[in-house]
Amino acid sequence: MPPQERVFTVEVPQVRFGAHALAEAGEAALSLGMKRIALFTDRHLAKDSPWPGELAQHLKAAGCDVAIYADVRVEPTDSSFQAAADFYRQGGFDGAVSLGGGSVMDTAKAALLYATHPAPFLDYVAAPYGRVLPVPGPLPPHIACPTTSGTGSECTGIAVFDFEGQAIKTVIAHRRLKPTLALIDPRVTATMPLGVLASTGFDVLTHAIESYTARPYTLRERPASGSLRPMSQGANPWSDMGSLEAIRLGGRYLVRAATDRQDSEAREGLMFAATLAGIAFGNSGVHLPHAMSYAVAGLCHSFTAKGYEQIPPMVPHGISVVLNAPSAFRFTAQACPERHLDCAKALGATCQGEEPGEALAQALIRLMQAAGLPNGLAALGYEEKDLDALAKGAATQPRLLNNAPLPVCEADLRAIFQNAQQLW
Ligand SMILES: [Fe+2]
């Protein structure tokens, strides 16, 4: 029997959190040796929000030279990653600042990677599509400024994209992709549509619950050396701490933030939950609901969620994850029932005698109803005939499936998807 793991790694990103954190961008950039800066954002933020202009102003006031790249694709693809890398490569930059949601921050990570360590695109991509080669050296400095309280991308070494050839989402994951500094300014969420707040807020909750219920790090095989320990190392005492607090804050603030435009306390609380969850799952990993979400988002191209009317139809990440979450947690609860019960209680459930998986599923469903989310995969247009393709798509995410607290096969995934068709 291979030796089991006894050690876990804690990698904590540098974070500055609070109102007007963006005003520290110039000084932070200079201290990281950045003078000529590529500022990544998306067209909607550039056109409809004050934040890219304000951030560029702070950078210029410190003496930095800034070139804005606003062509980031929402839900990026392999070709949009490569277009951003071409921009960075040709610009003579010495660092990047990203301002946006996960799509923008992930695009900046990929641009820095391919511009700095050029390679055929699939070399760094996760299995089974890519060659999973390690990033051979450090990347230039990257200051990430999230505008959604959700992805946690500012704290992780993961870049998610639609792999166009395979109609699936997949990732590039390596600790060298982690931004050098996160500037998290809760003021920016004031301009988010409420529907976007709801979707990204459920991404926060699932990050935290999946991190807390992931396979314990002690059940993984010990690597040949500490530096080979994966980022998805499983639940550990450090990630447990941030995950539970993120679940508690999400339970308290998500519905308030997603339904009341005036509730700045809720938006700030949710933003901090996103930060905690990002730091936690960056050190533990997520599992089934995220593996399933990549198939859901990859196959459906006709759904428009509330708050996303300005862009072509697609399933927003948080929705594609959380619609699977109740049925996934009913399945995983058998492996660690007490941890599922902890999550249900952290969400505010009273839990009087229900099965732990059911208690957690119902606590999540109550929040989803209150926030106005679609009622299961059927509401996105999925039917019985799609279940095989969904299960097949999710089965090709070994990085995530191996982090689940129990083994899961394609037939299990099909049954979990079936259970996710309608939630209430
Ligand atoms: Fe996520």
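A residue is called buried if 20 or more other C-beta atoms lie within 10 Å of its own, exposed if 12 or fewer do, and partly exposed in between, with C-beta atoms placed from the backbone. Helices (H or I, at least four residues) and strands (E, at least two) are DSSP runs, numbered from the N terminus.

## About the model

This is a predicted model, in which local features need pLDDT of at least 70 and side-chain atom pairs count only at pLDDT 80 or more, while totals for chains, interfaces and linings use all residues. Residues are numbered from 1 along each chain as its sequence is written.

## Two domains

Let's start with the overall layout. The domain assignment gives domain 1 (20-184) and domain 2 (192-419); such bounds come from an automatic or database domain assignment. The C-alpha centres of domain 1 and domain 2 lie 24 Å apart.

Two residues are in contact if their C-beta atoms, placed from the backbone, lie within 7 Å. By that rule, 25 residues of domain 1 are in contact with 32 residues of domain 2. On the side of domain 1 that touches domain 2, strand S7 supplies the largest share, four residues.

Strand S7 (residues 168-173) has five of its six residues buried, so it is largely enclosed by the rest of the structure. S7 pairs with strand S6 (residues 158-163) in the antiparallel sense over six bridges; strands pair if DSSP finds at least two bridges between them. Valine 160 has valine 171 in S7 as its bridge partner. Four residues sit between the strands of this hairpin, where alanine 167 takes a positive phi near 50 degrees.

## Helix H11

Now to helix H11 (residues 325-332): eight of its eight residues are buried, so the helix is largely enclosed by the rest of the structure. Among those buried residues are Phe329, Arg330 and Phe331. What covers the buried residues of H11 includes helix H6 (194-213), helix H9 (288-299) and helix H13 (356-370).

## Proline 405

Look next at the loop between helix H15 (398-401) and helix H16 (410-419), where you will find proline 405. Proline 405 counts as buried because it has 23 C-beta neighbours inside 10 Å. Leaving out residues up to four places away in sequence, proline 405 touches Thr213, Ala214, Arg215, Thr332, Ala335 and Cys336. The C-alpha atoms of proline 405 and glutamine 334 are separated by 9.0 Å, although these residues are 71 residues apart along the chain.
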